[in-house]
Amino acid sequence: MGCSGEHSVLLLHADGVQPYKNLAVETYLLENLHPHTHALYLWQNDNTVVVGVNQNAFAEVSPTFDGYVTRRLSGGGAVYHDAGNLNFTFVSAKDCYSVDNNKRIIYNALRGLGFNAEFTGRNDVVIDGKKISGQAYCLRKEACYHHGTILINSNVERIQAALRPPKQKLESKGVASVASRVGNLVDWNTDITVEQVREAVAKAFLEFYADYKVYTERVDYTNPKLLAIADKLSSKEWIWGRNPMLTNKVEHRFAWGSVSVEYEIKGNRLTDIEIFTDAMNTDWCDTLKTKLLQTPVSEWSAVRLDLQEEKDVMKLMYDV
């Protein structure tokens, strides 16, 4: 089915700040959005660290952090949310999905507010070299989402205290700390508010799809399907996953992201492996693990590797 037919847009606002329910909305939209509808979901979380789907939460979240911790469906690195941060999520059917269109909407919103914002790297929006937005993506068979943050008046000290990014990641950015890398919109306009940014993003979205029928709604937090998804996202298994502490460990930062591989080998067999990464592409980790577990170590050179991430990780293990 191509991207054709009578289209509409859905502008969805969240009133609550509980992360499990708010993240559940994204999954609900992926599974239930009409194929001819483009959605923009605007939301906030209270004092929350959200880790990427393939990250090791134990390694990303400070042990002294006293807020919410959860895990999203998309790749990328851990982020901190609070009342000074606005989150946006674009959702569309896969054959109508356009990251370029979504980026244009965010660009138009920020430029319209007077900010000299630029997209850079694999997923950042910066002003004068300071990161004010990070973005990530979830691609499913029928639908996709593109989501991100906009730092408006977030507590940078709490960001620094909540997250512990790998030293090599900071070094690759040429900075000494998270606090020295990020910026808030109030750094350039002391009068800017979250509500003004929310309104600007919504306005840019509606202007971009000016010819489409518009629906504006608030999140229904009593929806049983939504609550069922939230239950999963709040589970210890989903959030923390495995912290295997296996005998062998290799890690490196590639152009596509950081990776840490822990594994056990007995004789000619890999007996256990875990791959943690902030790569944007999320699908290869489980595929590569299955390939390696099913193949004797002496035959790894014959394993078919389709993606650059797989090839780089395999070379990393061979070079130990």
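At what angle do helix α3 and helix α7 pack, and how far apart are their axes? In this predicted model, local features need pLDDT of at least 70 and side-chain atom pairs count only at pLDDT 80 or more, while totals for chains, interfaces and linings use all residues. Residues are numbered from 1 along each chain as its sequence is written, and side-chain values use heavy atoms, with hydrogens and water left out.

Helix α3 (residues 99-112) packs against helix α7 (residues 194-208) at about 130°, and the axes lie 8 Å apart. Axes here are lines fitted to C-alpha atoms, for helices over the stretch in contact, and angles run from 0 to 180 degrees between N-to-C directions. Helices (H or I, at least four residues) and strands (E, at least two) are DSSP runs, numbered from the N terminus. The angle makes α3 oblique to α7 (under 35 degrees counts as roughly parallel, over 145 as roughly antiparallel, 65 to 115 as roughly perpendicular and the rest as oblique). In the contact (heavy atoms within 4.5 Å), α3 contributes Asn101, Arg104, Ile105, Ile106, Asn108 and Ala109, and α7 contributes Ala200, Val201, Ala204, Phe205 and Phe208.

Turning to the strands, an open three-stranded sheet shows the order β4-β3-β5 with mixed pairing; two strands pair if DSSP finds at least two bridges between them. β4 (68-71) and β5 (79-81) are the edge strands, each with a single partner, so one side of each has no neighbour in the sheet. From one strand to the next, the twist averages 25°. Strand β3 (residues 48-51) pairs with β4 in the parallel sense over four bridges, and valine 49 has valine 69 of β4 as its bridge partner. Helix α1 (residues 19-32) lies across β3 and β4, at about 20° to β4.
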